[in-house]
Amino acid sequence: AGALLAAEEVVRLNPRMEGPITAHCEALVLCGRLERAVETTARMAADSADRAYLAAEIAWRRGGLAAVDDALTSLAATPSPPKKIVELGSRLARLKELVDRGDADVEDGRFESAERAFTAALRLRDQRRLWGPGNAAGGEPYPNRCRADLLRARALARLDGFGYDREGAEGGAEWDDDDDRCFDPEADLEECVAIDRGDVRAWRILADVSRHGGDVERTFLRLRKAQMAAPHDAKIAREVFAAARAVKAEADGGTYEGARGVGGAMDRRPGSLYKILGVAASATAKQIRRGYRKAAGKWHPDKWQHEGGDALARAEAEFRRVSAAYEVLGNPSRRRAYDSDPARFEASL
């Protein structure tokens, strides 16, 4: 904050000089005043290397991981780039490499490897946790959308790999059982929404964490935050309504069966995909795979050939249901969609 005040005074005395304007813009970026920094770059020469550098610095901070490619492209187009542009390009290229690796690992189901990639990205100099003006711990976090995206991606990798309960593994290890993987996905998501209160995805994932933990009140509050960020989203509105009914049912001493798994209700409903695989709604990915193999082994038509007739027909039907359930629950993104709207998936079974 002190550097920003000094830069503002210098630029006030030298309003047309590029050097003071550049220093002022850099101070704005460091303090998280990104909108003002954008306005300030407009006062710099269009072909200025400093303007290209600052525009890229602002772009990835405001736009998150989606803006990294554009920032790299703009830096590459700078003729005879100075050292700071080369260094920024190198840092962003390393960030992109780690993110691409993490995304590929998630696609292949290698969630622990994905966690390591996203954690390595978060340890890069530009992605470390910073605070707002004055960098005072306990204040508002620096508005780095890239960090928010990385935190969300790392939390999802952990949750998709181990489920939404508070246990990290089937053996009972907690989230922080290992120094190399010492983080709480819920804390990552809390920081994510502190950086951007309008992060609907993070609010909804937090609601899922609460829901799988049986905390119906917190589920409702987090969904309300998502609704405030996206007031015209009809799907979120339905989820808020269901969560509100769950809160009321709990207060009345009962359980609202329409709540998506609140209090374990979902896995007890007839036709639930979780029930088909014989697992709880909070099951880990490993438990879901195990449940699928067990159910598929039980109902595989080859085992019922000798029975013939109605028994074989039933086995074939059950095997199709088991396969369909695993196609949904075995895919992290489809599982989240199912938890949001079970009826849409179950109607086809």
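At what angle do the axes of helix α2 (residues 18-30) and helix α3 (residues 34-41) cross, and within what distance do they come?

Modeller: First, the ground rules. This is a predicted model, where local features need pLDDT of at least 70 and side-chain atom pairs count only at pLDDT 80 or more, while totals for chains, interfaces and linings use all residues. Residues are numbered from 1 along each chain as its sequence is written, and side-chain values use heavy atoms, without hydrogens or water.

Now your pair. The axes of α2 and α3 cross at roughly 160° and come within 8 Å. Helices here are DSSP runs (H or I, at least four residues). Axes are lines fitted to C-alpha atoms over the stretch in contact, with angles from 0 to 180 degrees between N-to-C directions. That crossing makes α2 roughly antiparallel to α3 (over 145 degrees; under 35 is roughly parallel).

Which residues meet? α2 brings Ile21, His24, Cys25, Leu28 and Val29. α3 answers with Leu34, Arg36, Ala37, Thr40 and Thr41. Contact means heavy atoms within 4.5 Å. By class, this contact has six nonpolar, three polar and one charged residues. Asp, Glu, Lys and Arg count as charged; Ala, Val, Leu, Ile, Met, Phe, Trp, Tyr, Cys and Pro as nonpolar; the others as polar.

From α4 come Ala49, Asp50, Ala52, Tyr53, Ala56, Glu57 and Trp60. Their partners in α6 are Lys84, Ile85, Leu88, Arg91 and Leu92. This contact has eight nonpolar and four charged residues, and no polar ones.

Stay with α6, which also holds Asp105. Asp105 is buried, at a relative accessible area of 3% (buried is under 20%, exposed over 50%, with a 1.4 Å probe and protein chains only). Leave aside neighbours within four places in sequence, and Asp105 is in contact with Arg110, Ser113 and Ala114.

Now step back into the loop between α5 (68-76) and α6, where Ser80 sits. Ser80 has a positive phi of about 45°, yet it is not a glycine. Most residues other than glycine have a negative phi. Ser80 is exposed, with a relative accessible area of 71%.

Last, α9 (residues 185-195). Eight of its 11 residues are buried, so the helix is mostly covered. Among them are Pro185, Leu189, Cys192, Val193 and Ile195. Glu186, Asp188 and Glu191 are buried too.

Note on methods: Helices (H or I, at least four residues) and strands (E, at least two) are DSSP runs, numbered from the N terminus. Angles under 35 degrees count as roughly parallel, over 145 as roughly antiparallel, 65 to 115 as roughly perpendicular and the rest as oblique.
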